[in-house]
Amino acid sequence: MNVDLGTVRAQLARTPGVLDALLRGLPQAWAELDEGPGTWSPRGVVAHLSHADRTNWLPRARVLLAAGEAEVFPPFDRAGHQAAEAARSLDELLDDFAAVREESLDALDALTLGAAELGRRGTHPEFGSVTLAQLLATWAAHDLDHVLQITRTLGGGYREAVGPWRAYLRIMRPA
């Protein structure tokens with residue numbers, strides 16, 4: 001399937017509202033749930049999404065557009081969100097994510113991308129040659145992946161409470 005920039009942009013624009021509706025006002029114990037060692041809570045995921053908007057997607061797109069495959073994308077610290085997460089409440093993180101995403105979408109719009117730009121190639125440090133279309137599609141899919149992670153984590157908070165119905169709930173099965 002070809003990447004439609006309008007669809008990608010619309011998905012990216014929806015994520016802050018989806019997370020806000022799902023998480024705002026959540027009791028702290030639920031905001032801190034995770035799926036075990038080395039996994040992230042809903043708070044951590046929201047902080048990670050803001051961090052990724054600031055340091056990953058558009059910085060890499062700009063390198064790709066400026067240098068093509070001649071310059072490798074800057075590394076992305078997947079855990080670079082932890083300081084922001086520790087310093088803010090979930091509601092503050094949701095506000096920050098909404099603001100950062102709005103800035104990201106404005107910056108994406110300012111790139112005025114067409115088919116030629118979407119087909120341009122850059123160099124990912126692990127995957128090698130990738131297109132801008134692939135990078136942008138991954139940005140949208142990354143959002144959806146983390147929405148799934150959050151809902152799975154929250155669903156796990158009901159694991160014992162649902163009793164035998166656990167057998168019928170996919171959200172209760174290990175990932």
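This report walks through salt bridges, a helix pair, a loop residue and a surface patch in a predicted model.

## Salt bridges around Arg24

The model has 10 salt bridges in total. Within it, Arg24 pairs with Asp20 at 2.7 Å, N to O. Arg24 is partly exposed, at 34% relative accessibility, and Asp20 is partly exposed too, at 27%.

Arg24 also bridges to Asp95, with the closest N and O atoms 2.6 Å apart. This pair links distant parts of the chain: Arg24 sits in the loop between helix H1 (5-23) and helix H2 (28-31), and Asp95 in helix H6, 71 residues apart. Asp95 has a relative accessible area of 44%, so it counts as partly exposed.

## Helices H3 and H6

Take a look at helix H3 (residues 42-55) and helix H6 (residues 90-110): their axes come within 9 Å and cross at roughly 25°. H3 is therefore roughly parallel to H6, and the crossing is left-handed.

A salt bridge joins the side chains of Asp53 and Arg101 (2.7 Å, N to O). Asp53 belongs to H3 and Arg101 to H6, 48 residues apart. Asp53 is buried, at 4% relative accessible area, and Arg101 is buried as well, at 1%.

## A loop residue and a surface patch

In the loop between H6 and helix H7 (115-119) you will find Thr112. Its phi is near 40°, a positive value in a residue other than glycine. Thr112 is exposed, at 61% relative accessibility.

Elsewhere, Trp165, Tyr168, Leu169 and Ile171 make a nonpolar surface patch of about 480 Å². Ile171 lies in the segment after helix H8 (132-156) and is partly exposed, at 32%.

Key
Residues are numbered from 1 along each chain as its sequence is written. This is a predicted model: local features need pLDDT of at least 70, side-chain atom pairs count only at pLDDT 80 or more; totals for chains, interfaces and linings use all residues. Side-chain values use heavy atoms; hydrogens and water are left out. Patches are made of residues with over 30% relative accessible area and no salt bridge: like charges are joined within 9 Å, nonpolar side chains (Val, Leu, Ile, Met, Phe, Trp, Tyr) within 5 Å. Accessible areas come from the Shrake-Rupley method with a 1.4 Å probe; for residues, only the protein chains shown count as cover. A salt bridge is a side-chain nitrogen of Lys or Arg within 4 Å of a carboxyl oxygen of Asp or Glu. Helices (H or I, at least four residues) and strands (E, at least two) are DSSP runs, numbered from the N terminus. Buried means under 20% relative accessible area, exposed over 50%, partly exposed in between (1.4 Å probe, protein chains only). Axes are lines fitted to C-alpha atoms, for helices over the stretch in contact, and angles run from 0 to 180 degrees between N-to-C directions. Angles under 35 degrees count as roughly parallel, over 145 as roughly antiparallel, 65 to 115 as roughly perpendicular and the rest as oblique. A crossing is left-handed if the near helix is turned anticlockwise from the far one by less than a right angle, and right-handed if clockwise.
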